[in-house]
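Please examine the sequence and the structure first.

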Amino acid sequence: MNDNYRAPKELLKAQTLANLSDNKIRIPGIGIRLGLDFIIGLIPFVGDVIMACVSLVIVRLAVKMGVPKSLIFSMLKNIVIDFLLGLIPFLGDIFDLFYRSNEKNVRIMEKWWVSNKHQYIQKHSEEKLAAWKESQD
């Protein structure tokens, strides 16, 4: 069976890391989501360094997937922006709530992967739909 339509394990790991670091926890009543990036980022400098390392793991997963260097550069740019702005006391912490560099980077990975696997995904979807229609007759 052809698995070209299935997301690679690197992408799934990156999605899990991004969710954990950027939006795992929902604040009741106001609906804002936050993750470990915000919480650990509250520790001056050290927290930002730790979360930049987590972000680099996502980039490493993208490299393993074969994401082009131009997109890797965009991902690194997102990390640098997040890191540098995160260093600003208080304002950097607020910025971390909304910028979500890991989520942005995973979206880059997802878009690249889907654009490369579009025909396989479409074919698999059509096959599944045809099988479902046959089962309805």
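The lining of the second largest cavity consists of three nonpolar, two polar and four charged residues. In this classification Ala, Val, Leu, Ile, Met, Phe, Trp, Tyr, Cys and Pro are nonpolar, Asp, Glu, Lys and Arg are charged, and the others, Gly among them, are polar. The model is predicted: local features need pLDDT of at least 70 and side-chain atom pairs count only at pLDDT 80 or more, while totals for chains, interfaces and linings use all residues. Residues are numbered from 1 along each chain as its sequence is written, and side-chain values use heavy atoms, with hydrogens and water left out.

A cavity is a set of points, on a 1 Å grid over the protein atoms alone, where a 1.4 Å probe fits but cannot get out; lining residues have an atom within 4 Å of a point. Grid points are joined across faces, edges and corners, and a volume is the space filled by probe spheres set on the points. Two cavities of 30 Å³ or more are present in the structure.

| Cavity | Volume | Lining residues by class |
|---|---|---|
| Largest | about 70 Å³ | four nonpolar, three polar, four charged |

Around the second largest cavity stand Ser-21, Asp-22, Arg-33, Leu-34, Gly-35, Asp-37, Phe-38, Asp-96 and Leu-97. Helix H1 (9–22), strand S2 (33–34), helix H2 (36–41) and H5 each contribute at least two residues to this lining. Helices (H or I, at least four residues) and strands (E, at least two) are DSSP runs numbered from the N terminus.

The lining of the largest cavity includes Asp-37, Met-51, Phe-83, Asp-96 and Ser-101. Helix H3 (46–65) and helix H4 (69–86) are the elements that give two or more residues to this lining.

Helix H5 spans residues 91–99, and its buried residues are Gly-92, Asp-93, Asp-96, Leu-97 and Tyr-99. Buried means under 20% relative accessible area, exposed over 50%, and partly exposed in between (1.4 Å probe, protein chains only). After H5 comes Arg-100, which has a positive phi near 50°.

Side chains of opposite charge can pair when their charged atoms come close. The structure holds one salt bridge, defined as a side-chain nitrogen of Lys or Arg within 4 Å of a carboxyl oxygen of Asp or Glu. Arg-107 and Glu-110 form this salt bridge, with their closest N and O atoms 2.8 Å apart. Both residues belong to helix H6 (residues 101–136) and are three residues apart, about one turn of the helix. Arg-107 is partly exposed, at 40% relative accessible area, whereas Glu-110 is buried, at 18%.

Notes. 1 Å grid on protein atoms, 1.4 Å probe; cavity = no way out; pocket = protein on both sides within 12 Å on 5 of 7 lines; lining within 4 Å.
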